[in-house]
Amino acid sequence: MLANPMTIAQLKIHDFRNIDFADISPSSTFNFIIGDNGSGKTSFLEAIYMLGHGRAFRHLLSSRIIQHNKSELILFSKIIAPNQQTHTVGLSKARSGDNKIKIDNDEGYKLAELAKLLPMQLITPEGFDLLTGGPKYRRAFIDWGCFHHYPEFISLWNTLRRLLKQRNALLKNTIHYNQVLPWDKELVPVANKVSQIREDYIAQIRPEIIKTSHDFLPEYSLECQFYSGWDSSTDYATLLVDNFERDKLLNYTSVGPHKADLRLKIGNTPIEALFSRGQLKLLMCALRLAQGEFYAEQLNQSCLYLIDDFASELDLSKRTLLAKRLKSTGSQVFITAVDQEQIQAMVDENDKIFYIKSGIISA
Ligand SMILES: Nc1ncnc2c1ncn2[C@@H]1O[C@H](COP(=O)(O)OP(=O)(O)O)[C@@H](O)[C@H]1O
Ligand SMILES: [Mg+2]
């Protein structure tokens, strides 16, 4: 059974990178955005991403995202929620630093509320970081799931960040461990809870990840293991005491949930040492799809898929495989491509094709 869809029914973009103005009504199925290099395809996906995250995915500086010579960018969308209710989401970012989020015309919403309303999976050519980059990329992957599947996670995660920041600041001026102890008494239970949730999430999604990776790369068997950020046979409180002298020198808490990772291997070989770029792309897609499908199955609502440069690194058979799998989710999907030929075979009746040229989008 297909999960209830979440759909962007209308999208307006003002002064976002090279897109002056756009007002489009996407299809609830596949949307293709075709254009030459530099035409604004990635910018278009970034605008959608920003609606659900409050920031773009390439540059974090809003001054880079607001169109040159403009004072602010504005995004607006009409969303049909899985329960069929319609919501409006508006977001603006000004050079002055003034940011606004409006949901159903009310201000004062937080980013977490946007993210709940607009869950999405992003697949870009830079997304190999998920496999070959540092642990922070895989932590973000784990925490996406924890955020959506465990309502208590966000506040634990925020508390954890605050406590670690305070602890690190305190380490600078500390002589005896006793001075840090009150912080650690708060930190330890929060760290344990965050870690338990992550472990639980990974235990649940792990079979899905392994199965999807096998569907995409049948000749390999992936191993996927959660690492909490410290040796799990040791009590975190004890580790904090044992590492105190070192942490003091570093002004930094060297072990803890902020070091968590998802360790991916094929046998004993790390993935980046074994896989071609095409295989890396397939594995990255497998992870994102497994996560999106697990979300849909558990919460009975679908998430969006944003796929930049769909064809890069993939031959026709792999493109077909991926397209078929995406279609089977019943989700709304946005796909960019340089050439219509690359996607022609996957266009169905209800899908829409948009063309983009120098930031101007036409249906
Ligand atoms: N803040 C900005 N204002 C205006 N144009 C921008 C801004 N940031 C980037 N651009 C331009 O937008 C164009 C589109 O970039 P991009 O979306 O990456 O294209 P594509 O993905 O189609 O190759 C580029 O030519 C880039 O120079
Ligand atoms: Mg691009």
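Which residues are linked with Asp15 in a network of salt bridges? Select Asp15, Asp20 and Lys70: these residues form the network. A salt bridge here is a side-chain nitrogen of Lys or Arg within 4 Å of a carboxyl oxygen of Asp or Glu.

Before going on, note that this is a predicted model, in which local features need pLDDT of at least 70, side-chain atom pairs count only at pLDDT 80 or more, and totals for chains, interfaces and linings use all residues. Residues are numbered from 1 along each chain as its sequence is written, chains are lettered from A and ligands numbered from 1 in the order in which they are written, and side-chain values use heavy atoms, with hydrogens and water left out.

**Stop 1: Asp20 and Lys70**

Stay on Asp20 and Lys70, whose closest N and O atoms are 3.4 Å apart. The pair links distant parts of the chain, 50 residues apart: Asp20 is in strand E2 (residues 19-24), and Lys70 is in the loop between helix H2 (62-65) and strand E4 (72-80). Helices (H or I, at least four residues) and strands (E, at least two) are DSSP runs, numbered from the N terminus. Asp20 is partly exposed at 45% relative accessibility, and Lys70 is partly exposed at 28%. Buried means under 20% relative accessible area, exposed over 50%, and partly exposed in between (1.4 Å probe, protein chains only).

**Stop 2**

Select residues Gly35, Asp36, Asn37, Gly38, Ser39, Gly40, Lys41 and Thr42, which the unreviewed UniProt entry annotates as "binding site". UniProt positions are given in the numbering used here, feature names are shortened, and annotations may be inferred rather than shown by experiment.

Gly38 sits in the loop between strand E3 (30-34) and helix H1 (41-53), and Ser39 lies in the loop between E3 and H1. Is each buried or exposed? Gly38 is exposed, at 71% relative accessibility, whereas Ser39 is buried, at 5%.

Now show what surrounds Ser39. Leaving out residues up to four places away in sequence, Ser39 touches Asn18, Ile356, Lys357, Ser358 and Gly359 (contact means heavy atoms within 4.5 Å). The Ser39 side chain also reaches the backbone oxygen of Asp36 at 2.6 Å.

**Stop 3: helices H11 and H12**

Select Arg325 and Glu293, a salt bridge with its closest N and O atoms 2.8 Å apart. Arg325 is in helix H12 and Glu293 in helix H11, 32 residues apart. Arg325 counts as buried, at 16% relative accessibility.

Finish with Arg277 and Glu313, whose side chains meet in a salt bridge (3.0 Å, N to O). The structure holds 15 salt bridges.

Note on methods:
A polar contact is a pair of N or O atoms within 3.5 Å; within protein, one must be able to donate a hydrogen and the other to accept it, and residues adjacent in sequence count only if both atoms are side-chain atoms.
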